[in-house]
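Reader: I would like a close look at one part of this protein, namely its pockets. Please go through them step by step.

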Amino acid sequence: MIVLNGGSSSGKSGIARCLQAVLPEPWLTFGVDTLVEAMPASMRASDAGIEFAPDGEVIVGPEFRTLETAWIEGVVTMARAGAGVIVDEVFLGGAASQQRWQKALGGLPVLWVGVRCESAVAAAREIARGDRVAGMAASQADVVHEGVTYDVEVDTTRSESMECARIIAAHIG
């Protein structure tokens, strides 16, 4: 399993697609955005679910955490069954978020990857995308890495996704 952690618009999804292209075996990719999109619309505007504040802050509630736990267990089950899995994550809670994954992963081999991007560059990408609340990229750029331990880190500020994917692929055992 490969876990990519970085803030919004840091380049995780592009790296995941490039990893699928460069790794010799087929790998599945799942992102936290997939989880959010799978939730009922009512949970995307509820203090029990997930809220996106006008300033870009993301607030998660207890119902979101319950579904997130089930989602993590499901993704881990696929990896335990032998599928190569790439997870595109945003550790809003820093180390606590990584610990939730570590607990679920048990003894599975995992490559922990930090995907960094300068705040201003990520914010510009966010605006260009047009599908994010303005401010998410800037507010998440550093906080998602606080206390998180990585096997490898890449920086998409000046590096293309494919270059980053090749660096990551070189660490797959």
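Reader: How many nonpolar, polar and charged residues are in the lining of the second largest pocket?

Author: The model is a predicted one. In the lining of the second largest pocket, 9 residues are nonpolar and 2 are polar, and no charged residues occur there. The residues that line the second largest pocket are M1, W27, A79, G82, A83, G84, L108, P109, V110, L111 and I172. The volume of the second largest pocket is about 190 Å³.

The largest pocket comes next. Its space amounts to about 600 Å³. The largest pocket is lined by 33 residues, and V32, D33, V90, R132 and M136 are the closest to its centre. By class, the lining of the largest pocket holds 12 nonpolar, 8 polar and 13 charged residues. Helix α2, which covers residues 32-38, gives the most to this lining, with 4 residues. As for how such spaces are found, a probe the size of a water molecule is rolled over the atoms, and this shows where empty space is left.

E126 touches both R132 and M136. Not counting residues up to four places away in sequence, E126 also touches S8, S9, V133, A134, G135 and A137. E126 belongs to helix α5, residues 119-129. The side chain of E126 comes to 3.0 Å from the backbone nitrogen of M136. E126 counts as buried because its relative accessibility is 4%, and the cut-off for buried is under 20%.

A disulfide is a covalent bond between the sulfur atoms of two cysteines. A search of the whole structure gives 0 disulfides. For comparison, a disulfide needs the two sulfur atoms within 2.5 Å. C18 counts as buried because its relative accessibility is 16%. C117 has a relative accessible area of 9%, so C117 is buried as well.

Technical notes: Residues are numbered from 1 along each chain as its sequence is written. This is a predicted model: local features need pLDDT of at least 70, side-chain atom pairs count only at pLDDT 80 or more; totals for chains, interfaces and linings use all residues. Side-chain values use heavy atoms; hydrogens and water are left out. On a 1 Å grid over the protein atoms alone, a cavity is a set of points where a 1.4 Å probe fits but cannot get out, and a pocket is an open set with protein on both sides within 12 Å along at least five of seven lines; lining residues have an atom within 4 Å of a point. Grid points are joined across faces, edges and corners, and a volume is the space filled by probe spheres set on the points. Helices (H or I, at least four residues) and strands (E, at least two) are DSSP runs, numbered from the N terminus. Ala, Val, Leu, Ile, Met, Phe, Trp, Tyr, Cys and Pro count as nonpolar, Asp, Glu, Lys and Arg as charged, and the others, Gly among them, as polar. Buried means under 20% relative accessible area, exposed over 50%, partly exposed in between (1.4 Å probe, protein chains only). A polar contact is a pair of N or O atoms within 3.5 Å; within protein, one must be able to donate a hydrogen and the other to accept it, and residues adjacent in sequence count only if both atoms are side-chain atoms. Contact means heavy atoms within 4.5 Å.
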